[in-house]
Amino acid sequence: MARRQETSSGVKKWFLKEAGKLWPVADGSISFRKSPCMRERCSICDSGGHGAHLLQGRLNGKRFTVYVPGELAGKVEKAVERGRAMQHLVMEAGERYTKALKRERQQKQERTKARRR
Ligand SMILES: [Zn+2]
């Protein structure tokens, strides 16, 4: 179906299909930090600290930090990238949904007019 003819339920179908392809997603940022541990004499701390990947974000106004083991960092990084693609998808969905709603409203009004004639 041509995009300019699509219905609001058509937009939903398209969105759910595309959103499903994007999973897994994440928001926030993943970073690598070095920090000291609690041990008194630690050679790792002496050479800069223990490396840790952290996923940080905000949920309901509260900041959160999740420690990410090094071997999983690549997966979470990819999820954050896909999260950005998801935001783009939501933006496009909103534009297409609103246009579809307007089109459906206009069609309904035209049908009502035709019935009155
Ligand atoms: Zn240490």
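## Exercise 1: The sheet

Start from this: β2 and strand β3 (residues 62–68) pair in the antiparallel sense over seven bridges. Keep in mind that the model is predicted.

**Task.** Find out in which order the strands of the open sheet lie, and which ones are the edge strands.

**Solution.** 
- Step 1. Look at the other pairing: strand β1 (residues 29–35) joins strand β2 (residues 50–59) in the antiparallel sense, over seven bridges.
- Step 2. Check with residues. I30 has L55 in β2 as its bridge partner, and R33 stands opposite A52, also in β2. On to β3: the bridge partner of L54 there is Y67.

## Exercise 2: The turn

**Task.** Which residue in the hairpin of β2 and β3 takes a positive phi?

**Solution.** 
- Step 1. Go to the hairpin, where two residues lie between the strands.
- Step 2. Check phi there: N60 takes a positive value, near 50°.

## Exercise 3: Two helices

**Task.** Work out how helix α1 and helix α3 are oriented to each other.

**Solution.** 
- Step 1. Locate them: α1 covers residues 8–22 and α3 covers residues 73–116.
- Step 2. Their axes come within 9 Å and cross at roughly 175°.
- Step 3. Angles over 145 degrees count as roughly antiparallel, and α1 and α3 are therefore roughly antiparallel to each other.
- Step 4. See who makes the contact: among the residues are V11, F15 and L22 of α1, and M86, L89 and Y97 of α3. By class, the contact has eleven nonpolar, one polar and four charged residues.
- Step 5. Follow α3 to the sheet: α3 lies across β1, β2 and β3, and runs at about 145° to β1.

## Exercise 4: The whole chain

**Task.** Is the protein chain a compact globule or more spread out?

**Solution.** 
- Step 1. Read the elements in sequence: the pattern is α-β-α-β-β-α, which comes to three helices and three strands.
- Step 2. Compare sizes. The radius of gyration is 24 Å, well over the 13 Å that the globule rule gives for 117 residues, so the protein chain is more spread out than a compact globule.
- Step 3. Look at the spans: along its principal axes, the C-alpha trace covers about 90 × 30 × 15 Å.

Methods: Residues are numbered from 1 along each chain as its sequence is written. This is a predicted model: local features need pLDDT of at least 70, side-chain atom pairs count only at pLDDT 80 or more; totals for chains, interfaces and linings use all residues. Helices (H or I, at least four residues) and strands (E, at least two) are DSSP runs, numbered from the N terminus. The radius of gyration is taken over C-alpha atoms; the globule rule is 2.2 Å times the number of residues to the power 0.38. Axes are lines fitted to C-alpha atoms, for helices over the stretch in contact, and angles run from 0 to 180 degrees between N-to-C directions. Angles under 35 degrees count as roughly parallel, over 145 as roughly antiparallel, 65 to 115 as roughly perpendicular and the rest as oblique. Two residues are in contact if their C-beta atoms, placed from the backbone, lie within 7 Å. Ala, Val, Leu, Ile, Met, Phe, Trp, Tyr, Cys and Pro count as nonpolar, Asp, Glu, Lys and Arg as charged, and the others, Gly among them, as polar. Two strands pair if DSSP finds at least two bridges between them.
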